[in-house]
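Open the model in your viewer and keep the selection tool handy. We will walk through it one stop at a time.

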Amino acid sequence: MSELKKGKAMRIRELVGMLVLLASILPSLGEAATLDRIKERGAIRLAVREDAAPFSFKEANGEYAGYTVGLCRLIAIDIARQLRVAEVKIEYVPVTASNRFETVAAGRADLLCGATTVTLERRRQVDFSVPTFVDGAGVMFRAGGPSDFKSLGGHIVGVRRGTTTERSLSDAFRQEGINANVVPVDSHDDGLRRLEAGEFTAYFADRAILQFLMFRKDAGQKLLLADQYFTHEPYALALARGDGDFRLAVDGAISRIFRSDALDRLFRASFGDAAKPSPILRTMFLMSTLPD
């Protein structure tokens, strides 16, 4: 082959390589433009849970409610101001504990608005906003039965399937040498029902969720909520990786909401008029409030 033909063939290969590289980059650039897509559609897609009260749940009238759902609604209002449009409508995308991160990572929802703990493992799949809440795993017992963690050896305990609490609980029992039978369930309501029926000796979940469930069912005489926390659970909103502009818009919205009276109104509406943030939660609100 002549030098001229060799040079031409090399240039063709280089051109093909550049086209392949460009083809791989362009889809990711298109996917990253979440704010542009929200402005074009006039709507933001919120991934919501039906069974994660008091953070994200479906009421009897079919409306979604909860602390994180309310926070995401306020974020939508703030993003509308940032985009200089009259309104950003909300489209709800129902998700489960098992498919929530996949839904966000695949671009089928813009924000995950549930009871979502930030972990390093999950950050390999999705990105997260600044912290929005802090909680920890707690335990609920039936009145008249065992009432501490170490007395659960040989007993059946329940936990919500697909949560960080499920993994942490098994690790904790193993480290303490406690031979308890951990049974995962598909909803907190089912876990509480089985606890009340005597099928479980204890039920584990994030303490704020347990408190909400106990008060909602008026089960204060039958059930006991332990004071201690077994894990540290920092919550945040999950969003697709690789879109710094959208994350900045969300973090800016959260900071402005946490500086305003809207936070107190949201907290009371979600947890009751008498509820007050714990000292550690107040500190988290302060640390998540970034200056402009």
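Here is a short tour of this predicted model, from the backbone to the core and then the pocket.

Start with the backbone. Select Ala53 and Pro54: the peptide bond joining them is cis, with omega near 5 degrees. Pro54 sits in the loop between β2 (51–52) and β3 (56–58). Next, pick Arg84, in the loop that runs between α3 (67–83) and β5 (89–94). Its phi is near 60 degrees, a positive value in a residue other than glycine. Arg84 is also exposed, at a relative accessible area of 79%. As background for both stops, most residues other than glycine have a negative phi, and most peptide bonds are trans.

Now go inside. Select Ile44, Ile75, Leu111, Phe246 and Phe258, which touch the most other members of the 55-residue largest nonpolar core. Helix α3 gives this core its largest share, 9 residues. Stay with Ile75 and show its contacts: beyond its neighbours within four places in sequence, they are Leu111, Leu237, Val250, Ala253, Ile254 and Ile257. Then look for a second, separate core of 13 residues, with Phe149, Phe173, Ala180 and Ala226 among them.

The last stop is the largest pocket, with a volume of about 480 Å³. Which residues lie nearest its centre? Select Phe133, Ala208, Gln211, Tyr229 and Phe267, out of a lining of 23 residues. α8 gives the most, 5 residues. Colouring by residue type shows a lining of 13 nonpolar, 7 polar and 3 charged residues.

Methods
Residues are numbered from 1 along each chain as its sequence is written. This is a predicted model: local features need pLDDT of at least 70, side-chain atom pairs count only at pLDDT 80 or more; totals for chains, interfaces and linings use all residues. Side-chain values use heavy atoms; hydrogens and water are left out. Helices (H or I, at least four residues) and strands (E, at least two) are DSSP runs, numbered from the N terminus. Buried means under 20% relative accessible area, exposed over 50%, partly exposed in between (1.4 Å probe, protein chains only). A nonpolar core is a set of buried Ala, Val, Leu, Ile, Met, Phe, Trp, Tyr and Cys residues joined through side-chain atoms within 4.5 Å. Contact means heavy atoms within 4.5 Å. On a 1 Å grid over the protein atoms alone, a cavity is a set of points where a 1.4 Å probe fits but cannot get out, and a pocket is an open set with protein on both sides within 12 Å along at least five of seven lines; lining residues have an atom within 4 Å of a point. Grid points are joined across faces, edges and corners, and a volume is the space filled by probe spheres set on the points. Ala, Val, Leu, Ile, Met, Phe, Trp, Tyr, Cys and Pro count as nonpolar, Asp, Glu, Lys and Arg as charged, and the others, Gly among them, as polar.
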